[in-house]
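Me: Hi! I'm new to this one and would like a friendly tour of its side-chain contacts. Could you take a look with me?

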Amino acid sequence: MSTIKIFFSTTKNTLTSLPALAVFALIYALLLAAFFKFIWTREATVWQVFITYVLMVLIPALFFIYQAAIIGRIRDQRFRWGAILIDAVKFFIATIPILLVAWLLSYLLNKWQLRYPAAALPTLPVGTAPPTPRPMHWPTLIFATLRFVLMGVALPLTTIHLWIGLAGGEVRTLFAGGTFFKRIGNALARALAFESVLIYALGLVFFFVIPYAILFVPFTPKGNKTDFAFFILRLVLSFIFSLIGWVITISALTKNSLETSLEPSPDKSPAVAVEAAA
């Protein structure tokens, strides 16, 4: 219940902090605009090639600034843009090994799945009855579940908790004394905790499930103008839900991580042990 309270209190604070939400919306809108501009730009002229390379740098920069701004806002209760830019650089460096691990896991799963191919359906002559439904291919279901758990839950949560652990401080302390690998271990442990998974599951409904349903649930209104207006409404609602859902999720995970890290550990001194035994 405490985790659910953190999630809903974060939701309330996010919706009532309109200036901060406006800043997040601006960064998110710039990120989406840069992404779609990168997709639509053709490499035909020197100027268009230059724009493409600029966007290749701008998109990850905006993405990590967006994450650093959310986490920094929760940690400091305000926007400290100098610290946010430093955190964005650290987030970028720390995410590289996570991406390499994700690529390696995806490669291994694909190679492993090739050993369990689905049985081919026999071809039926024309004019015969429709074929019977294809039986469940359990290896395909198992590998799809593994991909979702690893790529959709475990690795994203590990990355988020790694960002939270790295927020604050300087870049030069990133690898000092082997602390980076300790932070990866701590991030993995926090990512697999029940509280983190519950917050992520609740946020997933807002920043992915609802926007996906809004965009792809079939609905055909009558008239071109109505169709165009409904399409614009879909885009706006998807933008709002994905923005608010992601901000709430990262903020709630940051709050939960900070609260658990600030909890005092139980005193295990001999005097306390003797008193408890008595």
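**Charges and rings**

Reply: Happy to! One thing to know at the start is that this is a predicted model.

Me: Which residue does R80 meet in a salt bridge?

Reply: That would be D76, with 3.2 Å from N to O between the two side chains. D76 is partly exposed, because its relative accessibility of 32% falls between the cut-offs of 20% and 50%.

Me: Okay, and how many salt bridges does the structure hold?

Reply: There are two. Besides the bridge between R80 and D76, there is one between K90 and D87, where the closest N and O atoms are 3.4 Å apart.

Me: Are K90 and D87 buried or exposed?

Reply: Both K90 and D87 are buried.

Me: Let's switch to rings. How many aromatic pairs are there?

Reply: The structure holds 21 aromatic pairs. One of them joins Y28 and F239, with ring centres 5.1 Å apart. Their planes meet at 25°, so this pair is stacked.

Me: Which helices do Y28 and F239 come from?

Reply: Y28 belongs to helix α2 (residues 18-40) and F239 to helix α8 (residues 224-262). The two are 211 residues apart, and their pair links distant parts of the chain.

Me: And how accessible are Y28 and F239?

Reply: Y28 has a relative accessible area of 14% and is buried. F239 comes out at 24%, which makes it partly exposed.

Me: What kind of pair do the rings of F63 and F64 make?

Reply: An edge-to-face pair, because their planes are at 80°. The ring centres of F63 and F64 are 5.1 Å apart. As for accessibility, F63 is partly exposed at 31%, whereas F64 is buried at 8%.

Me: Which residues do ring pairs link into a cluster with F63 and F64?

Reply: F91, F92 and W163 are linked with F63 and F64 in that cluster.

Me: One last thing: which residue lies over the face of F79?

Reply: That's R73, at 5.9 Å from the centre of the F79 ring.

Definitions and conventions. Residues numbered from 1 in each chain as written. Predicted model: local features only at pLDDT ≥ 70, side-chain atom pairs only at ≥ 80, totals over all residues. Heavy atoms only, no water. Salt bridge = Lys/Arg side-chain N within 4 Å of Asp/Glu carboxyl O. Buried < 20%, exposed > 50% of the residue type's maximum accessible area, 1.4 Å probe, protein only. Phe/Tyr/Trp six-rings, centres within 6.5 Å; stacked < 30°, edge-to-face > 60°. Helix = DSSP H or I, 4+ residues; strand = E, 2+ residues; numbered from the N terminus. Lys NZ or Arg CZ within 6 Å of the ring centre and 35° of its normal.
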